[in-house]
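Subject: Structure handover

Hello,

Here is the structure I promised to pass on.

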Amino acid sequence: MTMQSISTEDRVVIFDTTLRDGEQCPGASMTLEEKLQVAELLDHMGVDVIEAGFPVASDGDFAAVREIARRARSAVICGLARADIPDIDRCAEAIEPAKRGRIHTFIATSPLHIKHKLRMEPHEVLEAVTASVRHARSYTDDVEWSCEDGTRSEIDFLCRCVEAAILAGATTINIPDTVGYATPDEYRRLFETVRSRVPNSDRAVFSVHCHDDLGLAVANSLAGIAGGARQVECTINGIGERAGNASLEEVVMAIRTRCDAMPYVTGIESTMLMHASQLVSAVTSFPVQYNKAIVGRNAFAHESGIHQDGMLKNAQTYEIMTPESVGVSKSTLVMGKHSGRRAFREKLKELGYTFDEGTLEESFRLFKDLADRKKVVKDSEIEAVVAMATFSA
Ligand SMILES: [Zn+2]
């Protein structure tokens, strides 16, 4: 697909909320300096919108959003605000230095939240939607409105709120699966229904925001895009409340790798994904699970003999994307008890050894003995094995 053939219809806006939804999860708080580092990398990587924080929550959050807004080069800098005038004022002040700033205001629309959390009547919620969006629009023409707990809201009421938000000037409408409860099919149909029933829906970009309580955040996000959404809210390494948010790197690489099935594009420079993952893991002290898709330590590692043999003949046998495309230098052949003769020979070559078949056989036998006792055999141990085999030969 050439750049010329990409219409805005196919472009998916990447909205990163690592610094807001990600940072607010237990144990992931970052210092101002760390937030600035992460924001700079996200901006550089091609993230379209960076949600930098919740300015009214604390002076620290306010200062971080304001400094990120001041330094941003191309990303839109967004702050979160409840549907209250003081929240929105504080948010507007924080994003004010940005070349392009967005106010993201939200209110819950599900019966459960309206009754028990907000203790409001539905008509009061509807009035608050109009008032908050209109107030935010007095500061910037880039206003996003979210219906918290959108997936558990009554569809008629949800549609009336979306229509009111767009009428008041919202340019992005986010329908979050706040509690991670939706299934992909339901979530796709929700977007189709809202977009077809709300008369002014063509005047806003629709957005997905999914949580991973059932491990469906990425699948739901992609389903929402199929339903017409064109913005994805996500985080690096999928960090976020409870089980986390949809992971940015998984969404980006799924779209990129399967563009035959999902004909969209993002503006993300994917070769920076690994670096972003490592930076966020380091500043939050949240380890990345070994088998995490895209950025896990084992995502491009192969140990079994059959897989290693295939990889050495043609990497496409067991890799659907290249490690280089996500910023990993190359696939690793992990030497262990599942490794075969061919991978062992390759490893020796990599370490600079050439042998006659007899020494090679003896080395391989010693290696297998060692591998039976150990999970992974290190290069230094392979060198020791080779020394022993050479000595006995
Ligand atoms: Zn969230």
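In what sense do strand 6 and strand 7 pair, and over how many bridges? Strand 6 and strand 7 pair in the parallel sense, over six bridges. Two strands count as paired if DSSP finds at least two bridges between them, and helices (H or I, at least four residues) and strands (E, at least two) are DSSP runs numbered from the N terminus.

Before the rest, two points on the source. This is a predicted model, in which local features need pLDDT of at least 70 and side-chain atom pairs count only at pLDDT 80 or more, while totals for chains, interfaces and linings use all residues. Residues are numbered from 1 along each chain as its sequence is written.

Strand pairing

Strand 4 (residues 101-108) runs parallel to strand 5 and is joined to it by six bridges; Phe-106 stands opposite Ser-146 of strand 5. Strand 5 is also parallel to strand 6 (residues 172-177), with three bridges between them. There, Trp-145 has Ile-173 of strand 6 as its bridge partner. Ile-173 in turn has Phe-206 of strand 7 as a bridge partner. Strand 7 then runs parallel to strand 8 (residues 231-234), joined by three bridges, and Val-208 is partnered by Val-232 in strand 8.

Crossovers

Strand 5, helix 7 (residues 155-168) and strand 6 form a right-handed β-α-β unit (right-handed: with the strands pointing away from the viewer, the path from the first strand over the helix to the second runs clockwise). Another right-handed unit consists of strand 6, helix 8 (residues 184-197) and strand 7. Strand 7, helix 9 (residues 217-226) and strand 8 make a right-handed unit too.

Burial

Six of the six residues of strand 5 (residues 143-148) are buried, so this strand is largely enclosed by the rest of the structure (buried: 20 or more other C-beta atoms within 10 Å of the residue's own, with C-beta atoms placed from the backbone). Val-143, Trp-145 and Cys-147 lie on one side, and Glu-144, Ser-146 and Glu-148 on the other. In strand 7 (residues 205-210), five of the six residues are buried, so strand 7 is likewise largely enclosed by the rest of the structure.

Helix packing

The axes of helix 3 (residues 59-71) and helix 4 (residues 85-95) come within 7 Å and cross at roughly 40 degrees (axes are lines fitted to C-alpha atoms, for helices over the stretch in contact, and angles run from 0 to 180 degrees between N-to-C directions).

Regards

Methods. Buried ≥ 20, exposed ≤ 12 C-beta atoms within 10 Å, placed from the backbone.
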